[in-house]
2 protein chains.
Amino acid sequence: MMDAFASNWFTETCPLFPGQRFSLQVQEVLYSGRSDHQDILVFQSKTYGRVLVLDGVIQCTERDEFAYQEMMAHLPLTSHPLPEDVLIVGGGDGGVLREVVKHPEVKRVTLCEIDKEVTRVAKLHLPWMTTAIDHDKVTVVNAEGSTFLREKQHSYDVIITDGSDPIGPAKSLFEENYYELLKQALKPGGLICQQTESPWLFPHLLRNLGTICRQIYPEVRLAVASMPTYPCGEMGYLLCSLHTKPLNEPQRVLTEVQQQEMGLRFYTPEMHKAVFTLPSFAHKVKW
Amino acid sequence: MMDAFASNWFTETCPLFPGQRFSLQVQEVLYSGRSDHQDILVFQSKTYGRVLVLDGVIQCTERDEFAYQEMMAHLPLTSHPLPEDVLIVGGGDGGVLREVVKHPEVKRVTLCEIDKEVTRVAKLHLPWMTTAIDHDKVTVVNAEGSTFLREKQHSYDVIITDGSDPIGPAKSLFEENYYELLKQALKPGGLICQQTESPWLFPHLLRNLGTICRQIYPEVRLAVASMPTYPCGEMGYLLCSLHTKPLNEPQRVLTEVQQQEMGLRFYTPEMHKAVFTLPSFAHKVKW
């Protein structure tokens, strides 16, 4: 891992996006260690605040993480008329959870994170991420997502899969069987949300996911939104629902006051509608 | 410049976005030289095709350039009911011009590029960019943009400023006087389009531009769209018009057939509407 710090720059390396590299200037390494599952690194960067890295890949930076967390949470939660029971698979850094608990409709949230070290390190070094970890509504379970889901039947209104890339600990979260498990675990009318990377990077991944999910769910849509420190500067969000209302507009429209009370900096009801509009090249891979 | 090629990686360095770096793996350097105005570099990358770099900053890659060129051309051209006379300031690589001439409404296009070396090098090494340089409709002028504009009165329906970053040769293209010159050079009902970088990077630049332009033009709008190899993975497009119709929907809606005939891979009429929707943090800097 030390090579990545040549001349005080951290450089992201991942076989998933060959030929391109993103680097951030490092002021101070705050934590570097290995859990049972992955390498965990936190550093203070020069211009992006604190940064969490898992297995060499940037997971969040203090400067732009809100864009990802808000879309992962508020796109699916506003697409459900009454999201009372929510499951987050992954998301051990607490960021998506922080956004989920902002919805008064949500009564119970389970965070199922395979690697409890991620949460421990985040609590220490990224405290603004983990503000909801000890919230009354929240139960934290340290288990592998698929194993946990196998025992769940019609339990959740919304399931958000906040895994890392489709290699490493999160690999099984991109396979067909996983989407079947999610469906079983949903209550009637429930929906799921998952990160899918950028259409610029993985057209084949998107095509496969689309084909799989359309066989399982009546409504399947892909959103794409800006996320500067992820490869190609954006992130895809896959939404699949058991209800048949359009996913590209919110079922619950957050008022200006609600948006302010929730402290939103990225998501708006207008953004919800806009991010499902994709460039032509993405449509050509069947989106 | 050679430091940028350590271990066969080209690393972009620019004081405008400190603390972050984007790198592309190099297969072969095809051209490296200095014109009267700037350093010009073309290399074959491993995963992004050929790449044009001016003064150390990536201008276009073969893999994603169409996203930028299409938005720079088709956002303003479809926002005008009959764009017969078009001026491009900058854009010496020919990419925006290639898109502009696709509109049958366009009768005359002038390309005003300060640095003729950019066009010469692009013709040699990026031939798919320069296909319209010798088109019947096109006049190429090698002059500084502001100087050229000073002699123009009510001459153009659309003026596109395709300059590089707001330092270096393109600096004057971001100053107040420039927007006055553009207004004078527009025909009644005309409009301008200019790149503005990402709202993530330059909120102060956007705030200043917005204030300046709202004093000069009745309609001013900012669009933001994906562009993987630009800093933060996106590009802002500033549109200002003398007509008062909304800029966030096309005045001329390209049909599916027209989009196919034009070979569009990014722009669609639906994208036109979506890209003017900005995240809340961008609105807070007065957009």
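Is B:Ser35 buried or exposed? B:Ser35 is buried, at a relative accessible area of 8% (buried is under 20%, exposed over 50%, partly exposed in between; 1.4 Å probe, protein chains only). The model is predicted: local features need pLDDT of at least 70, side-chain atom pairs count only at pLDDT 80 or more, and totals for chains, interfaces and linings use all residues. Residues are numbered from 1 along each chain as its sequence is written, chains are lettered from A and ligands numbered from 1 in the order in which they are written, and side-chain values use heavy atoms, without hydrogens and water.

**View 1. Surroundings of B:Ser35.** B:Ser35 sits in the loop between strand S2 (20–34) and strand S3 (39–45) of chain B (strands are DSSP E runs of at least two residues, helices H or I runs of at least four, numbered from the N terminus). Its side chain reaches the backbone nitrogen of B:His37 at 3.0 Å. Leaving out residues up to four places away in sequence, B:Ser35 touches B:Ile40, B:Asp115 and B:Glu117 (contact: heavy atoms within 4.5 Å).

**View 2. The rotation axis at B:Gly233.** A rotation of 180 degrees with 0.0 Å of shift along its axis places chain B on chain A, with an RMSD of 0.0 Å (least squares on C-alpha atoms of residues with pLDDT of at least 70 in both copies). The two copies are therefore related as by a two-fold rotation axis. Of the residues of chain B, B:Gly233 comes closest to this axis, with its C-alpha at 1.9 Å. Both copies use the same surface, as 100% of the contact residues of chain B recur in chain A.

How values were computed: A polar contact is a pair of N or O atoms within 3.5 Å; within protein, one must be able to donate a hydrogen and the other to accept it, and residues adjacent in sequence count only if both atoms are side-chain atoms.
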